[in-house]
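Please look through the structure below. A short report on its sheet, a helix and its salt bridges follows.

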Amino acid sequence: METRVSLWLPLLLCSVLCLGTRGNPDYKDALAKSLMFFQGQRSGRLPTNQLLSWRSTSGLSDGALAHVDLTGGYYDAGDNVKFNFPMAYTTTVLSWSTLEYGKRMGAQLPNARAAIRWATDYLLKCVTATPGKLYVGVGDPNVDHKCWERPEDMDTVRSVYSVSPSNPGSDVAGETAAALAAASLVFRVADPKYSKLLLKTAKQVMQFAIQYRGSYSDSLGGAVCPFYCSYSGYKDELLWGAAWLYRATNDVYYANFLKSLGANDATDIFSWDNKLAGARVLLSRMALLNKDGSYDQFRQQAEDFMCRILPNSPSSSTQYTPGGLMFKLSESNLQYVTSITFLLTTYSKYMSSAKHTFNCGNMVITPGTLKYLAKKQVDYILGVNPLKMSYMVGYGTTFPRRIHHRGSSLPSLLSHPQAIGCQGGFQPFYYTSSPNPNILTGAIVGGPDQNDAFSDERTDYSHSEPATYINAAIVGPLAYLAATYSA
């Protein structure tokens with residue numbers, strides 16, 4: 001315990017309310033912590049520079065059931081399963097954040113790259129391990145969720161799941177292609193050889209997504225549903241994947257493909273499942289910054305999305321809590337808040353560069369309109385809310401102490417070397433009202449309900465469980481705010 005406290009002293013010693021300049025939250029501290037969280041989700045052999053010292057090596061036999069090496073990657077949330085669909089989305093968004101805001105990240109840029117690379121090293125294995133197959137997950141979720149044990153003690157079956165030409169998965173393949181293509185841009189200068197490998201593999205898996213159409217939910221059933229079902233279908237991932245391949249290659253093949261898709265459904269959400277809004281904001285860059293009129297439909301669709309989000313817009317379809325937080329869905333609402341906030345800051349960035357405004361009905365929307373709403377959402381997450389509760393673990397003085405997370409809630413191997421079996425963790429550690437022994441620094445939980453209430457109960461996974469994709473999307477806005485409001 002003493003070791004852990006002294007290790008975190010520099011990051012935990014912010015002022016009482018963790019306020020930075022001019023009464024704003026300390027965005028720089030929050031940015032550092034948002035990236036540190038990913039260390040707590042690592043699967044595989046941990047490196048010597050691992051800072052979250054209560055985590056240890058785990059999952060070293062992953063892939064063995066299929067006679068391949070699928071070690072590495074991230075556990076998606078509070079369990080010990082590797083679901084590639086949300087993991088690839090997490091990687092795409094982290095990469096996009098680094099491309100847009102890397103110059104504002106300062107000392108955190110190497111940590112952002114490390115978080116991306118931990119995922120892409122694993123995703124590369126998943127694409128290349130067996131010709132004609134894309135591995136899309138490790139660990140049986142139905143078995144895993146019946147246990148409350150540390151990843152280091154895992155004794156559940158590490159089932160391996162894949163898609164193939166006869167059992168397609170255009171959604172997970174398209175997202176994997178997006179992740180590898182976006183990451184290839186992150187490493188283009190920092191590691192050109194690795195960047196080329198990422199892009200070559202991205203093209204390969206995108207071709208698979210296009211050629212063999214079908215949803216991975218149909219191919220894999222209970223292995224991915226209801227956990228990470230592709231509810232929105234796969235057309236959004238084909239658009240998203242092609243958009244990233246086009247950005248990475250400038251190959252007109254991808255431009256023609258994405259324009260021919262007809263992925264024109266209106267949307268008011270952006271998530272690991274539905275990528276339409278993200279793809280449209282990404283493609284609107286071509287219309288705004290490159291002045292390419294053939295991408296104007298994507299700009300219009302991106303602006304329609306913004307009009308569905310803004311609280312006073314005549315076409316708004318977004319609910320807000322009394323404290324001002326966007327409220328989309330009752331389960332893990334903050335995932336939608338962070339992902340939409342990322343699109344708000346990024347679209348406002350494009351608008352500023354192009355000196356562009358648009359209208360929602362009679363409302364004129366400026367870059368400042370979007371930035372104001374984005375800042376309000378980030379500030380709420382960091383404690384500017386009715387409960388004065390930071391929803392980022394380890395940030396500020398009042399934050400969730402009983403998060404729904406196996407590794408955080410069970411004693412570490414250092415403090416409790418004896419194995420804790422599948423059922424062994426429930427009574428003493430899951431059902432207790434005691435705080436978690438290990439601080440999962442930087443983790444953002446599911447968040448409060450529609451009335452701004454939050455109970456901080458481990459059993460309430462809808463509100464108390466962190467996830468990689470919640471954190472991935474806030475990295476960009478935090479970098480933007482840290483640079484904008486720095487002393």
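Strands β2 and β3 (residues 160–163) pair in the antiparallel sense over 4 bridges. Here two strands count as paired if DSSP finds at least two bridges between them. Helices (H or I, at least four residues) and strands (E, at least two) are DSSP runs, numbered from the N terminus. This is a predicted model, in which local features need pLDDT of at least 70 and side-chain atom pairs count only at pLDDT 80 or more, while totals for chains, interfaces and linings use all residues. Residues are numbered from 1 along each chain as its sequence is written, and side-chain values use heavy atoms, with hydrogens and water left out.

**The sheet**

Follow the pairing between β2 and β3 residue by residue. Leucine 134 stands opposite valine 163 in β3. Glycine 137 has tyrosine 161 of β3 as its bridge partner. On β1 (residues 82–83), the pairing with β2 is also antiparallel, over 2 bridges. There, lysine 82 faces valine 138 of β2.

Together, 3 strands make an open sheet in the order β1-β2-β3, with antiparallel pairing. β1 and β3 stand at the edges with a single partner strand each, so one side of each has no neighbour in the sheet. Strands of a sheet pair through backbone hydrogen bonds, either parallel or antiparallel.

How many residues of strand β2 are buried? The count is 5 of the 5 (residues 134–138), so β2 is largely enclosed by the rest of the structure. Buried means under 20% relative accessible area, exposed over 50%, and partly exposed in between (1.4 Å probe, protein chains only).

Helix α4 lies across β1 and β2, running at about 125° to β2. Such angles run from 0 to 180 degrees between N-to-C directions, and axes are lines fitted to C-alpha atoms, for helices over the stretch in contact. Contact means heavy atoms within 4.5 Å.

**Helix α14**

Helix α14 (residues 367–381) has 15 residues. From first C-alpha to last it reaches 22 Å, close to the 21 Å expected at 1.5 Å a residue. That expected span is 1.5 Å times one less than the number of residues. Buried residues of α14 include Pro367, Leu370, Leu373, Tyr380 and Ile381. Glycine 383 follows α14, and its phi is positive, near 115°.

**Salt bridges**

A search of the whole structure finds 18 salt bridges. Each is a side-chain nitrogen of Lys or Arg within 4 Å of a carboxyl oxygen of Asp or Glu.

| Pair | N to O distance |
|---|---|
| Arginine 55 and glutamate 152 | 2.8 Å |
| Arginine 117 and aspartate 191 | 3.0 Å |
| Arginine 308 and aspartate 304 | 2.8 Å |

Take the salt bridge of arginine 55 and glutamate 152. Arginine 55 lies in the loop between α2 (27–40) and β1, and glutamate 152 in the loop between α5 (141–144) and β3, so the pair ties together parts 97 residues apart in sequence. Arginine 55 is buried, at 5% relative accessibility. Glutamate 152 is buried too, at 17%.

Arginine 117 forms a salt bridge with aspartate 191. This pair links distant parts of the chain, 74 residues apart: arginine 117 sits in α4 (residues 109–128), aspartate 191 in the loop between α6 (170–186) and α7 (192–211). Arginine 117 is partly exposed at 28%, and aspartate 191 is partly exposed at 22%.

Arginine 308 and aspartate 304 are 4 residues apart in helix α12 (residues 296–309), so about one helical turn separates them. Arginine 308 is partly exposed at 25%, and aspartate 304 at 30%.

Salt bridges also link Asp62, Lys82 and Arg158 in a network. Lysine 82 is the residue opposite valine 138 in β2.
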